[in-house]
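Student: I have a structure open and I'd like to learn how to read it. Can you walk me through a few features?

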Amino acid sequence: MAFHYIPLTVIALCAALYFYFTRTFNYWKKRNVPGPEPTAFFGNFKESALRRKNVGVVVQELYNSFPNEKVIGIYRMTTPSLLIRDLDVIKHIMIKDFELFADRGLEFSKKGLGQNLFHADGDTWRGLRNRFTPIFTSGKLKRMYYLMHDRAEKFIAFLQREAEKSPEFEVHSLVQKFTVSTITACAFGLDINTLEEKFEALELIDKMVLEANFSLELDMMYPGILKKLGISIFPGKVLSFFKVLVNNVINMRNGKPTDRNDFMDLMLGLREMGTVTSNKLGSADTSVDITDDVVAAQAFVFYVGGYETSATTVSYLLYQLALNQDIQDKLVKEIDEELKQSNGEVTYDCLMNMKYLNKVFDETLRMYSIVEPLQRKATVDYKIPGTDLTVEKGTMMIISPRGIHYDEKYYPKPEVFDPSRFDAEVAGARHPCAYLPFGLGQRNCIGMRFGRLQSILCVVKILSKFRIEPSKNTKRDLPVKPSKALIGPDGGILVNIVPRRDIKT
Ligand code: HEM
């Protein structure tokens with residue numbers, strides 16, 4: 001007899017689940033905010049949650065779906081969030097009213113590696129950012145440049161050997177070898193041979209940290225749950241790896257800065273100062289204890305934030321040079337002329353002088369911004385300027401650099417790779433928030449100078465010896481890898497790297 005009730009129970013259960021996983025979906029309608037229809041459970045993030053599309057591409061599509069709106073009401077799983085399209089509103093959130101949006105709102109246990117600059121919030125972030133900003137000045141980078149340059153020389157020697165075997169390279173994994181070696185040298189002071197040897201620990205970290213992780217969808221659904229339960233998004237193995245690594249380096253240096261001038265020296269300098277109080281960024285005093293764990297967490301974020309972003313940028317840049325030989329000719333001409341002035345030495349100053357190279361770099365990040373989407377959490381109820389809408393405290397503000405960078409309004413023919421978009425007069429005429437591969441405002445990328453420097457150094461070293469050409473396997477269309485936390489090419493990028501015929505090598 002009881003079996004008769006099974007279908008009814010199943011139907012009631014399904015109805016209850018459906019109701020539960022759609023219960024918030026009137027939120028934006030009630031506030032008259034336009035937005036796409038959400039799907040039960042997934043909201044507007046079904047394609048990324050199922051790993052069919054990269055989350056950055058999903059948000060770009062949401063951006064494109066309401067071309068005339070300033071803001072769009074979306075659901076990150078079941079949580080209402082606001083996608084900001086209007087550049088003036090973005091300017092308010094990221095710059096003018098920054099103090100109300102200082103948190104990125106990535107909520108999970110802030111112990112161990114969670115104390116890193118990218119994921120820290122509130123006063124902890126303020127204290128850390130105050131302490132670590134001076135590490136990234138151009139003066140400090142200039143002193144660290146010799147480490148990068150040395151790795152670049154070794155990388156080119158390696159490339160010359162490899163190019164004799166076959167001209168075709170998968171450039172993403174190739175350039176990763178260079179950026180991992182510079183970042184491990186600059187962040188940990190380690191001289192490891194990433195060119196010839198495989199480092200399983202680093203490969204494992206790459207997999208565990210850079211592959212999209214379902215804990216993020218859980219946090220979208222139940223904001224703050226990971227923090228409440230004390231769960232970290234980084235596996236314990238990654239924490240132990242960085243703790244051991246950093247402790248070894250600290251012990252090797254007797255806990256004191258040496259004369260290497262790398263990040264570890266600079267962090268050990270800060271550590272000697274102990275707890276430091278500062279009120280530079282916020283109105284309230286902020287203090288952070290620079291313990292060994294805090295040092296390990298920053299070394300971790302400099303490593304993860306530093307190598308993959310630059311490797312991906314350089315590989316997309318080389319790809320565009322393969323497809324646009326005229327742009328490559330112009331760039332090689334600039335490089336040759338500049339190197340002639342410096343007797344063939346690739347110095348820090350000559351890299352900074354290469355104007356066209358820097359425009360090529362900027363245009364690459366316009367087409368392929370790597371960290372997507374950007375986000376900020378409202379820490380108070382906030383009236384969105386130029387609208388009648390007031391968002392509630394805790395609402396997540398989402399920004400799509402890809403959406404903006406491919407918007408015809410700001411970049412005509414956005415599919416065309418055109419470095420002249422960054423000519424001073426053209427760039428100067430654009431809205432200051434129309435270009436945001438490094439984010440914006442006080443919470444922008446702290447490592448952007450470092451990222452630019454190691455990327456353009458790598459490009460100059462390669463182009464001073466080699467030419468980039470399409471191979472028979474070079475794709476005309478590069479899909480974005482769906483399962484990655486960052487933007488990156490699915491299946492890599494294949495091009496030919498051939499010795500230049502116009503010079504002696
Ligand atoms: C081409 C290279 C790079 C790109 C495209 C890039 C992009 C970004 C973006 C978009 C953000 C978020 C900004 C925002 O929310 O407004 C960010 C934050 C950050 N990046 Fe980078 N990045 C690059 C290189 C680096 C390097 C080399 C390092 C370290 C050595 C680094 C460390 C960080 C850190 C620590 C943050 C968090 C800053 C904070 O919250 O205060 N990045 N990056």
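This is a predicted model: local features need pLDDT of at least 70, side-chain atom pairs count only at pLDDT 80 or more; totals for chains, interfaces and linings use all residues.

Student: Which donor from the protein does the iron atom of the ligand have?

Tutor: Donors are N, O and S atoms within 2.8 Å of the metal (3.2 Å for Na, K and Ca); water is not among the atoms, so sites may look incomplete. In this model the iron has a single protein donor, the SG of Cys445, 2.3 Å away.

Student: How do I read a pair of helices?

Tutor: Two packed helices are described by the angle between their axes and the distance between them. Axes are lines fitted to C-alpha atoms, for helices over the stretch in contact, and angles run from 0 to 180 degrees between N-to-C directions. Take α14 (residues 292-323) and α15 (residues 325-341): their axes come within 5 Å and cross at roughly 110°. α14 and α15 are therefore roughly perpendicular to each other (65 to 115 degrees; under 35 is roughly parallel, over 145 roughly antiparallel, the rest oblique).

Student: Which residues in α14 and α15 meet?

Tutor: From α14, Leu321, Ala322 and Leu323 meet Gln325, Ile327, Gln328 and Leu331 of α15, contact meaning heavy atoms within 4.5 Å.

Student: And what about pockets?

Tutor: Rolling a probe the size of a water molecule over the atoms shows where empty space is left. On a 1 Å grid over the protein atoms alone, using a 1.4 Å probe, a pocket is an open set of points with protein on both sides within 12 Å along at least five of seven lines; lining residues have an atom within 4 Å of a point. The largest pocket has 22 lining residues, with Ser173, Gln176, Glu203, Asp206 and Tyr307 nearest its centre.

Student: Which helix gives the largest share of that lining?

Tutor: α8 does, with five residues; α8 (171-188), α9 (200-210) and α14 each supply at least two.

Student: And the second largest pocket, which residues lie nearest its centre?

Tutor: Tyr368, Tyr406, Glu415, Asp477 and Leu478, out of 17 lining residues. There α14 supplies the largest share, four residues.

Methods. Residues are numbered from 1 along each chain as its sequence is written. Side-chain values use heavy atoms; hydrogens and water are left out.
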